[in-house]
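Q: Hey, can you walk me through this one? I'd like to go piece by piece.

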Amino acid sequence: MTTEATGNPLFQPLTLPNGSTIPNRICKAAMEENLAEQPGQYPGERLFTLYERWARGGTGLILSGNVMVDPSALTGPGGVVLEKGTDLTPFINWARIGKSGGGQFWLQISHPGRQLYKSLGETAVSPSDVSLDLGKFSSLFAEVRPLEVSEIERIIERFADTAEEAEKAGFDGVQIHGAHGYLVSQFLSPLANQRTDEWGGSLESRARFLLRIVDAVRARVSPTFGVGIKLNSADFQRGGFAFEDARQVVEWLEGKGLDFVELSGGNYESPAMQGNPQEEGAPQTSTQAREAFFVDFARDIAKVASMPIMVTGGITKLETAEAALEQDANGFGVAIIGIARALAADPNLPNHWRERKNAHVELPECGWKSQTLAALAVMGLTKAQIERMAKGKPPGDGGSSAAALLADQVRAATRARRYRKWRASA
C-alpha cells in the first residue's frame, strides 16, 4: 500500500492491495439500517436518500449495513438480500449513489447464524446447537440447529454468489462480516462451535469456514475488486475467541488477496462494540474506553499483517481519530478509521473535520442498568437518526431512549410481518 506523506493523516489517500485508491482514511462503518424495500428485501428510495447523504459528506470508503447472503437468514427484518438471480437494477442504482461523492462503496455481506430473531419465523443455524444466552431476553431469538456439512458448503458458495453479484452491480468491493457473533464469528468461537469434525475443535479447524469463504469469494471476483474482512479482536467472553486467536487468524489470511482487515469486538452476549464488554477482569486499557475501543489490539495485529488494518469502535473526536492513525517507532499502525454512530449524528463529519469543525460529536447515550436493554436502546437511538436521514431530514438527537427503543421495536415488528408474508409467498 502507498500513501502521500503530507497533510493531515486522516485525509491522505490510501492505495489498497487491489490497486484502487480511497481518497481519505475515514470509513463509514457498517450499521444496521433495516431499510430494505418489502416485499423483496432490496434497496430502495430510503436507502438511496441515506447513502447520498453519506456520499456527499466526504467519506473515503462507505460500507453498507448487513447485506444478507441467504433470504432465510437476516440479521433484522429490514435487511437487504443479494443472492444469485436477484434483480440487480436497484443495486446498480444504490452503487452509483454510494460512489457519487468520489469515495468507494462496498457491501458488507453477512449471515446471522444463531443471532436470528424469532419474529422472522425461520429456524436459526449455527456450527452447534448452542443458543444465545441473554437471560430473559434469550426467548427473542429463534431455535438453533447445527449445520450439516453440505449446508456449510452451500453457505460458502452463497458468500461467493453475493460477492459476484455485487461486482456486477458496480460496487467497489465486499466486506465479509466475521465479527459481532454472526455466523463466521460463531465458527471461530470455541463457545459457539463445539463440533468435532473438520469444522470444529482446534482454532485451525474453526477458522476453516472463514478461510474457505475468502478463497471462494476471491476466486469469483476480479483482482481489482475489493475484498475485506471484519474480524473480532476478541469476543470479550471468558473461554471465547481471544486476541491471540485473532492474531493467528490474521496471519492465516496473509496471501489470500485481502484489501483490508477491520478489527472490532464483542457479540450480542457481550456488546463490546458499544463499549460494554462483559468478560470479568477485562483489561482496563483504551480498548475499553469510550473511544477507539480496539486501537491497541489493531496496532499489535498490524505487526503481522501486510494488508491495511482498519479499526472501528466509538470514535467521536477528531483528535482521537488522528491519534489512532499514529504509527509506532517501527512504522506499524492503523491505516483506516471506521466511524459508525458519529456519522449517523453528522453525515458531513469528514468534510467538517477537514475544516476542523465539529471536532467532538455528541452521541445519544443510554445509562440503563441492564446492558442488554441499554444496547438495544442505543441501537434504537441510532436507528432513529438513520430513519430521519432516510426521509431527507436532519438526523436529530434520537429522542428519548425509551421512545426510540419502542419505535424501533414497532418498526421491527411491522417489517417482520411483511418479511414472513414475502417468505411464505416465495
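**Strands first**

A: Strand 13 and strand 14 run parallel and are joined by three bridges. Helices (H or I, at least four residues) and strands (E, at least two) are DSSP runs, numbered from the N terminus, and two strands pair if DSSP finds at least two bridges between them. This is a predicted model, where local features need pLDDT of at least 70, side-chain atom pairs count only at pLDDT 80 or more, and totals for chains, interfaces and linings use all residues. Residues are numbered from 1 along each chain as its sequence is written, and side-chain values use heavy atoms, with hydrogens and water left out.

Q: Which residue in strand 14 is the bridge partner of Thr312?
A: That's Gly338.

Q: Which strands does strand 12 pair with?
A: Strand 11 (residues 226-232) pairs with strand 12 in the parallel sense over five bridges. Strand 13 (residues 309-312) is also parallel to strand 12, with three bridges. As examples, Gly228 has Phe260 as its bridge partner, and Glu262 has Met310.

Q: Buried or exposed, what's Ser264?
A: Buried, because its relative accessible area is 2%. The C-alpha atoms of Ser264 and Val311 are separated by 6.5 Å, though these residues are 47 apart along the chain.

**On to the helices**

Q: How long should helix 12 be?
A: Helix 12 covers residues 371-390, so at 1.5 Å a residue its 20 residues should span 28 Å. The end C-alpha atoms are 28 Å apart, which agrees. The expected span of a helix is 1.5 Å times one less than its number of residues.

Q: And why call helix 12 largely enclosed?
A: Because 15 of its 20 residues are buried, so the rest of the structure largely encloses helix 12.

Q: How do the axes of helix 12 and helix 13 cross?
A: They come within 8 Å and cross at roughly 75 degrees. So helix 12 is roughly perpendicular to helix 13. By class, their contact has seven nonpolar, two polar and five charged residues. Axes are lines fitted to C-alpha atoms, for helices over the stretch in contact, and angles run from 0 to 180 degrees between N-to-C directions. Angles under 35 degrees count as roughly parallel, over 145 as roughly antiparallel, 65 to 115 as roughly perpendicular and the rest as oblique. Ala, Val, Leu, Ile, Met, Phe, Trp, Tyr, Cys and Pro count as nonpolar, Asp, Glu, Lys and Arg as charged, and the others, Gly among them, as polar.

Q: What do the buried residues of helix 13 pack against?
A: Helix 1 and helix 12. Those buried residues include Leu405, Tyr419 and Trp422.

Q: What about helix 1 and helix 12, what's the angle?
A: About 100 degrees, with the axes 8 Å apart. That makes helix 1 roughly perpendicular to helix 12. Arg46, Thr49, Leu50, Arg53 and Trp54 in helix 1 meet Ile386, Met389 and Ala390 in helix 12, where contact means heavy atoms within 4.5 Å.

**Loops to finish**

Q: Where's the cis peptide bond?
A: Between Gln38 and Pro39, with omega about 0 degrees. Pro39 lies in the loop between strand 4 (26-28) and helix 1 (45-55).

Q: What's the phi of Arg356?
A: Near 65 degrees, a positive value in a residue other than glycine. Arg356 lies in the loop between helix 11 (349-354) and helix 12. Asn358 is found in the loop between helix 11 and helix 12 too, with a positive phi of about 45 degrees although it is not a glycine.

Q: How accessible is Asn358?
A: Asn358 is at 33% relative accessibility, so it counts as partly exposed.

Notes:
Buried means under 20% relative accessible area, exposed over 50%, partly exposed in between (1.4 Å probe, protein chains only).
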